[in-house]
Structure formats: structure tokens, C-alpha cells
Amino acid sequence: MTLIQVVNGSTREGRFSEKVAAWVVEHLAARGDFDVEVLDLRDHPLPFFDQAPPARTLRNYPNEEVARLGRELDRADGYVVLVAEYNHGYTAVLKNAMDHTFVEWRRKPITFVGWGNVGGARAIEQLREVAVEFEMAPLRHAVHIMPDLMRPAMQSSDPFDTGVFAPLEPKLKLLAEDLAWWTTALTTARAR
Ligand SMILES: Cc1cc2nc3c(=O)[nH]c(=O)nc-3n(C[C@H](O)[C@H](O)[C@H](O)COP(=O)(O)O)c2cc1C
């Protein structure tokens, strides 16, 4: 079975992204056509990137921390990035992690679930451009969580009721179907 990694790109205290992760993982796993796991950047603390370009050095990692991230990313056949929007961009911690790596992402699909005043749209558009440089296939279908759902989700208690996001289920379904198609197509092509 192919593996989808849900990349949690926010590491701050009290992050909203954990609620989004719970919902996305629940939905994707229920499909049964790919394995799903969370890649939490909190588990991969890295210094600011200051090395030779990984596009040149490939898997010749400078240290075990980067190698561990590289090995994790290598296992995935596609990615759903959870996108917090900070000052109209995506998070620095996500860019830093991406800059430490390169080849691991190549020729794989990537899509996005974002949130914020415009559903993280500005940050997601920027990430689509970054994904092209990584030779990835950024997908059209993404999910944008707007303030009308963010507010009740933020107020929702622990354990989190993912039903708060129910109005966005059709969008997440489209995302998953698109992701499944591209994951199968590109996994087959990479194997050849
Ligand atoms: C440094 C910072 C900058 C922010 N800038 C924006 C922004 O430009 N647009 C937006 O919609 N929300 C912005 N927000 C609000 C975030 O959407 C909100 O805090 C959200 O919970 C962030 O995701 P997280 O909790 O998973 O980190 C910002 C939040 C922070 C902490």
C-alpha cells in the first residue's frame, strides 16, 4: 500500500494544526486505499539551514538529525501539508525543513489543508510554487478552513470532535480522490 504523510508544519505552543491533523488523518485513513501517518516537525527540530544545497548533495546528509528527517520523507508516496498562515506566508519551520532536504520529495504529489482569515490560501499558493522547484506535483484540490469553522473548532473541547469540520468533508473527499490518483500514477512511474 502507498503511504501518505500528513506534514504538520506548525510547531508553536497551543497550535490549531493538531485539530486539523486529527480530522485529516481520520478521513484519509478511513478510505483504506493508502496508509496514513503524521510527520510532525516538532519531532524534527533542526538548526537554520546553513549547508551546501541538498539538490546537489542529495542523501549525503551532514548529520543524523537531517538524515532522520530525510529517511522519514523518503518513506512517503505523497504528502498533505497542514498549512498555518503566518504574516501572509507559510511557516518558517516548514521552509527550513524543506531546505534541509530535496530529493526525498521529488516526483511525488503534494496537497494542502490550510486555515486562517482566507483559509491559508496565500500561504498555500506560495507552497505550490516551492513544490514545483522540488519537482513535485502540487495538486489543484486543497482544503481551506475559514474563520467560521476555526472559531468553533478552537472552542471545542479535548478530546477534539472532528465533526466541527463536517461542512468541509466534500472538499476533503475531493482532495483525497485527487491525491489517490496522483499517488498511484507517480508511484508507478517512479518504480519504472
Ligand atoms: C506569527 C503569526 C502570524 C499570523 N499571521 C496570519 C496571517 O497572515 N493570516 C491569517 O489568516 N492568520 C494569521 N495568523 C493567525 C493564525 O491563522 C492562527 O494563529 C492559527 O491558529 C495558526 O495556526 P497554528 O495555531 O497551527 O500555528 C497568524 C498567527 C501568528 C502566530
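What pattern does the protein follow, read along the sequence? Here are my notes, bearing in mind that this is a predicted model.

1. Going along the sequence, you get β-α-β-α-α-β-α-β-α-β-β-α-α. That makes seven helices and six strands in the protein.

2. On overall size, the radius of gyration is 16 Å, close to the 16 Å that the globule rule gives for 192 residues, so the protein is as compact as a globular protein of that length. The C-alpha trace spans about 45 × 35 × 30 Å along its principal axes.

3. Next, the contacts. If you take those between residues at least 6 apart in sequence, 83% join residues at least 24 apart.

4. Burial and surface go together here. Of the 192 residues, 51% are buried. The accessible surface comes to about 9,400 Å², and carbon and sulfur atoms account for 53% of it.

5. You'll find tyrosine 90 in the loop between strand 3 (78–84) and helix 4 (92–99). Its relative accessibility is 15%, and buried means under 20%, so tyrosine 90 counts as buried.

6. What does tyrosine 90 touch, leaving aside its neighbours within four places in sequence? Its contacts are Val83, Ala84, Lys95, Ala123, Gln126, Leu127 and Val130. Glutamate 125 is 35 residues from tyrosine 90 in sequence, with 9.4 Å between their C-alpha atoms.

How values were computed
Residues are numbered from 1 along each chain as its sequence is written. This is a predicted model: local features need pLDDT of at least 70, side-chain atom pairs count only at pLDDT 80 or more; totals for chains, interfaces and linings use all residues. Side-chain values use heavy atoms; hydrogens and water are left out. Helices (H or I, at least four residues) and strands (E, at least two) are DSSP runs, numbered from the N terminus. The radius of gyration is taken over C-alpha atoms; the globule rule is 2.2 Å times the number of residues to the power 0.38. Buried means under 20% relative accessible area, exposed over 50%, partly exposed in between (1.4 Å probe, protein chains only). Contact means heavy atoms within 4.5 Å. Accessible areas come from the Shrake-Rupley method with a 1.4 Å probe; for residues, only the protein chains shown count as cover.
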